[in-house]
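My notes follow in the order I worked.

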Amino acid sequence: MTGMTTYLAADERPLEHGWTLLVTEAGRYAGPNEVHRPAVRIPAPVPGTVASALAAAGLFDPEKPQPLHDKDAWYFRSLEGEAEGPAILRFAGLATIAEIYINGELRLTSDSMYAAHDLDLALTGHDEIAICFRALASHLDKRGPRARWRPQMMDHQGLRLIRTTPLGHMPGWCPEIHPAGPYRPISLIRQAKHAISDLAVRADLDPDGTGRLSVSFALEGEAKDLRLSCAGHDTRLQANDDGKWTAELTLPAIEPWWPRTHGKPKLHDARLTIDGQPHSLGLVGFRRIEIDRGPDGRGFGLVVNGEPVFCRGAVWTNADILRLPGAAEDYAPWLTLAAEAGMNMIRIGGTMTYESADFFRLCDRLGLMVWQDLMFANFDYPTADEAFAASIDREIRQFLGAVQGSPSLAILCGGSEVYQQGAMLGLPERIWKTSFYEETLPSLAAETRPDVPYVANSPSGGAMPFSPNEGVTHYYGVGAYCRPLEDARRAEVRFAAESLAFAHVPQQATLDAHLPVAPVHDPRWKARVPRDRGASWDFEDIRDHYLQDLYKLDPSRLRREDPARYLDLSRTVTGEVVTETYAEWRSTASPCNGALVWTLQDLIPGPGWGVIDSTGEPKPVWYALKRAFRPVQVNLTDEGTNGLDVHVLNETGDSLELVLELACLRDGRQPVVSGKRSLAVAARGTQRIPATDLFGAFFDTTYAFRFGPPSHNVTVARLIEPETGRLVAEAFHFPLGRDIAMHDAPIDAVVEEEEGRWILRLSTPVFAQSIHIEVEGYRPEDDWFHLAPGSERRIALGPRDGTATRQRPTGTIAQLGARRLVSF
């Protein structure tokens, strides 16, 4: 079976309202007929979770979660008044051990959070649904096949035996909110004339630009004329000997789907017409994805439609760990911010959960590729067990069946850190590198989505599966392992499916509203700092290490004596680290073909891993990534005695005429040496230019030779659009360190209205570090950026929800080098 049956033109109605919930101790009631009817119940939204229903009733505090895995949860809903006759109840996702009763009779059981179910009914007009979500605790304690290793990050080893998410069960990683309940929709379906099953939709792109759309399915119901149409072409479907209907549509010179950094994510409507009645098969995109192992066979990179793509983005956590939602309106704020930051890939890791088809539809439209781990993480799973294997087969077929034709699905991966976990414990390769990941899963993936490359595990490849210089890695040399910034080059990272985890500090407004406590010293603050279970350090310690390294300040003393400045430096330092690291990885000489940060969003307010806080507000590091991810970019790399190299990148499909300017500034003000060059940068092209080529003579840009006192403390590179003078990109280098380039810069700020939007114009005669804009009712398009002297920065101000666009923005501007604020 591939996916679920599609009931064409059916009357399908989500059963969202009318549910009530009763939470009891485990095993109190064997069935719904034993439940005391007057027992107090609370309203329960569906889709939703037990935790979200209890929280809405004031009975559960997400900031101090109580255990739920040791409780039974009963959901009830009357179908009184529904028309008599046949119907289908569809359960899209039940977390996790669920019993479904109709009129007191047990009709269906489910033991997987990742399985969907259809239940045939004969409605009488006086029916009732009852669902019991049994306590997970007793199932966690059951004995299964002996595990050959035990990961420390999970709170219970029994999770390896149950198909449920680790979310809520990873202390130090996420809130301990246990997932339970009907977290995906429950629908009542009245079938019409036709239904299709075993649906297979495949959209391919040939090297010559020809699109091929192939469709096959089994049809329930009589039909004479079936046609497939897309992009102005159509063809007739034919019935095979096995009873399936099939067709392939050839689409010459079809407009392809591209990741957003490299082109337009074009989608096309695919339609099935049965005896003149049209039915949508959804939007499809035509693209071709291949894996490039590099000239030495050790690399890993994505080639999309024949073009190498540097993948950058973040690892997804969840839209709301309380509700585990799956609707487009829940995903949209997060994915829109990912797209705005210039990301082109989102990874759903094996420690999370499968997201709904709406997630992929949004990624399709936004041009975000999805690296999808199958839901296996760290554990030694009982893959030889027949029942377990059958459950996995159904799970994966249903998931992939729901996202057929979706061009955003770019990588299917066997799981997260299974290989790494076994290898780091010293076990031989034959123990952890098994046929399940090397043969079973790739075979299943090839059968259901042959257009999507498969990766056995993340990480994998190399002398050890986590070796950064081969295959796919999880890179934390810069980050958790406190390596110097140059380790990003030394490690020869090929592709980092996750990297650069820090305890990123949110904007002050978020802290004031949701965590108004003393940073670091208050235990409520420290409880929000992520940590690896059992480690003697947390990710705030890691951030502090780089704060001291980059700014030459003692973090412990600074947070005691000047906590506000400590927070501002903490906000800037992680942005500076990711900027330097991505500049290295995107340089023309780098073997790196992609890197994703850990993670996209926080699950609770505070200094978490997310580059967006849990309220949906971008953190300062988000703005740094937005600059680092620009498709048209300039980067500077310090080559020691070889000087400073300028790297110009153009990932777009158009050739560009640009002007490159480079200046070395004394005291952040006076150009000691400068140069300018007009460039013609080819489409998908790169250029590497030594700084001395721009200056026309030797100059110690990196202060490597140290002939006499240093002549400058900051170098600025700028890419300019020659016709308009628009700033396209800029980069900075600090030969003596950021602390030496700290200036009290006078800043001129003017707000003007242009074509219906507000623009903040900024200028300064002296280099200013980490400009922060605070404006009531608006969000600036850039923040926490460096401001170079002698030119003007124009920052668009976007109104927040509830802000009248005619309201003139007012606010303040801060910088690291000055105590005073500039008002505008």
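Two strands count as paired here if DSSP finds at least two bridges between them. I kept in mind throughout that this is a predicted model.

**Entry 1: the six-stranded sheet**

I started with β3 and β4. Strand β3 covers residues 20-25 and is joined to β4 by two bridges, with the strands running antiparallel. I looked for the residue facing L21 and found I42 in β4. Next I traced the whole sheet. It is open, has six strands and runs in the order β4-β3-β5-β10-β7-β8, with antiparallel pairing.

**Entry 2: the four-stranded sheet**

I then turned to a second open sheet, ordered β15-β14-β18-β19 and again antiparallel in its pairing. From one strand to the next, I noted an average twist of 20°. Strand β14 (residues 226-230) pairs with β15 over four bridges in the antiparallel sense. In that pairing I found C230 opposite H233 of β15.

**Entry 3: a helix contact**

How do α12 and α14 pack, and at what angle? I read about 85°, with the axes 9 Å apart, for helix α12 (residues 539-551) against helix α14 (residues 563-585). Angles of 65 to 115 degrees count as roughly perpendicular, so I logged α12 and α14 as roughly perpendicular to each other. I listed the contact residues too. The α12 side includes E540, R543, Y546 and L547, and the α14 side includes Y566, L569, V573 and E576. By class, the residues of this contact divide into eight nonpolar, three polar and four charged.

**Entry 4: aromatic rings**

I counted ring pairs with centres within 6.5 Å. The count came to 37 aromatic pairs. I picked out W173 and W609: their centres lie 5.3 Å apart and their planes stand at 85°, so I called the pair edge-to-face. W173 sits in the loop between α2 (137-140) and β11 (186-190), and W609 in the loop between β30 (594-597) and α15 (620-628), so the pair ties together parts 436 residues apart in sequence. Both W173 and W609 are buried.

I also checked W537 and F539. This pair is edge-to-face as well, at 5.4 Å centre to centre and 70° between the planes. Buried or partly exposed: which is W537? W537 counts as partly exposed, at 25% relative accessibility. F539 is buried, at 4% relative accessible area. Last, I noted a cluster linked by ring pairs: F376, F379, Y381, F388, Y419, W432, F436 and Y437.

I looked up cis peptide bonds. The bond from V46 to P47 is cis, with omega near 5°. P47 lies in the loop between β4 and α1 (50-56). A cis bond also joins A95 and T96, with omega about 0°. T96 is in the loop between β6 (85-91) and β7 (98-102).

Then I turned to positive phi. D275 is not a glycine, yet its phi is about 50°. I placed D275 in the loop between β18 (268-274) and β19. D275 is partly exposed at 38% relative accessibility. E755 has phi near 50°, also positive in a residue other than glycine. E755 lies in the loop between β38 (748-754) and β39 (757-763). I recorded E755 as exposed, with a relative accessible area of 85%.

Technical notes
Residues numbered from 1 in each chain as written. Predicted model: local features only at pLDDT ≥ 70, side-chain atom pairs only at ≥ 80, totals over all residues. Heavy atoms only, no water. Axes fitted to C-alpha atoms, helices over the stretch in contact; angles between N-to-C directions. Parallel < 35°, antiparallel > 145°, perpendicular 65-115°, else oblique. Contact = heavy atoms within 4.5 Å. Nonpolar A, V, L, I, M, F, W, Y, C, P; charged D, E, K, R; others polar. Phe/Tyr/Trp six-rings, centres within 6.5 Å; stacked < 30°, edge-to-face > 60°. Buried < 20%, exposed > 50% of the residue type's maximum accessible area, 1.4 Å probe, protein only.
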